[in-house]
Amino acid sequence: MARWIADWHPDDPAFWARSGRRVARRNLIFSIVAEHLGFTVWTLWSIVATRMGSYEFSTDQLFWLVALPNLIGSVLRVPYTFGPAKFGGRTFTVVSALLLLIPATLLGVAVNDPGTPYWLFLVIAALAGVGGGNFASSMANITYFYPRDKQGVALGLNAAGGNIGVSSVQLVMPLVIGSLGLAAAGWFWIPLIVVSAVCAWFFMDNLTSAKAEPREQLAVAGRAQTWIMSFLYIGTFGSFIGYSTAFPLLSANLFPGAPYAAVAFIGPLIGSLVRPVGGWLADRFGGAPVTLWNFAAMGGGVLLVWMSSTSGDFWLFFLAFQTLFLTSGIGNGSTYRMIPAIFQAKAVAERGESEQALLYGKRQASAAIGIISAVGALGGFLINRAFGMAFAAAGTPAPAFLAFGAFYVSCAALTWWCYTRKVGVSVIASLAHARV
């Protein structure tokens, strides 16, 4: 059943009102469903690792199990970005959803055997990284469906719907594992994955106008703005996914016996829900100013968490940690709003205000989103490895918090230098477009 749409003009108001809005909304809804499940599988080990006491793995080994899906997921985001343009958004959504069955099934099988070796758990955790790739393909696909002035909201909703998958895992999995055992952490998601793939097959579409060769899309890798935004996205999304996956295991080590499992979902939920708010603030006040002040707030948040980690009070630590989830969520929205603004404004400046120029800008933005999201997701790996190494070397997460604070200072400085500083009365030309 081929569902390719050849006539697609979302920036034409008449077309959008007549049929474009309805088709775009339908694709957005089922894209969110598939992406949400991708995030659940990707971050599943953040809970599973806290329930593996019978295997007698060290804290550093457990942080490796949490970190590895982040590393593989970030790498996969690059090829996943090109999937919709090469094979069609509908087709690639179905395939990427079905791939989630592999790590979910293997997890359910492996934890039933108390003799399963550590290296095999590492392999299964690495395979969970396929869930991280779904974000890049989903965001790249949805970019094509919406007109320029509606992409901020659409991408914000798509991203937030996926991000909430982290919260779903941390809310549902403790209950499922407590009732049905650790193997259920894998089996529980299989029917939902199948349903999402079937829905994508029947209710999503491929766009002929989105087709592009990887060589054309990879051209954005040569633009300085791609790498500047990648660095900043490590600080926002990398922090969100890193703190989301690290919080349960970090709490288990700092506050043994604390009810962290009952409340771990709250932080990722806050970070996900405020992501569209970050996009709205960027629309209202400019992406660069919002991002600059947000990084300053993240630096203050790290200081609060560091101080509370030595207080002996879990609830003080928990409340302090929410500032990091809140600010990382806002930063996710503001930085992601900057990306299409930058590349589409550059396309118009270079090629004029034509439909072909707008389409070229969307292709550039779509490819940039994939690269930036891939590099940004590395933050999830780096944060978990930083905690693991800090515990191994010093028995405390303090060295990791110090490194995070220094990084946020560098992100704020880079944002100011590239996007907000002024010479005379002019904003630095290296992208006033980011203020759009």
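1. Domain 1 and domain 2 share nine residue pairs in polar contact, both residues at pLDDT 80 or more. A polar contact is a pair of N or O atoms within 3.5 Å; within protein, one must be able to donate a hydrogen and the other to accept it, and residues adjacent in sequence count only if both atoms are side-chain atoms.

2. Five helices, α1 (13–42), α2 (45–48), α3 (59–87), α7 (130–145) and α8 (151–180), each give at least two residues to the side of domain 1 that touches domain 2. On that side α3 gives the most, with 16 residues. Helices are DSSP runs (H or I, at least four residues), numbered from the N terminus.

3. This is a predicted model: local features need pLDDT of at least 70, side-chain atom pairs count only at pLDDT 80 or more, and totals for chains, interfaces and linings use all residues. Residues are numbered from 1 along each chain as its sequence is written, and side-chain values use heavy atoms, with hydrogens and water left out.

4. The domain assignment, automatic or from a database, gives domain 1 (8–211) and domain 2 (213–435). Their centres, taken over C-alpha atoms, lie 20 Å apart.

5. In domain 1, 52 residues are in contact with 55 residues of domain 2. Contact means heavy atoms within 4.5 Å.

6. One salt bridge is counted between the domains. Asp60 forms a salt bridge with Arg385, and their closest N and O atoms are 3.0 Å apart. The term means a side-chain nitrogen of Lys or Arg within 4 Å of a carboxyl oxygen of Asp or Glu.
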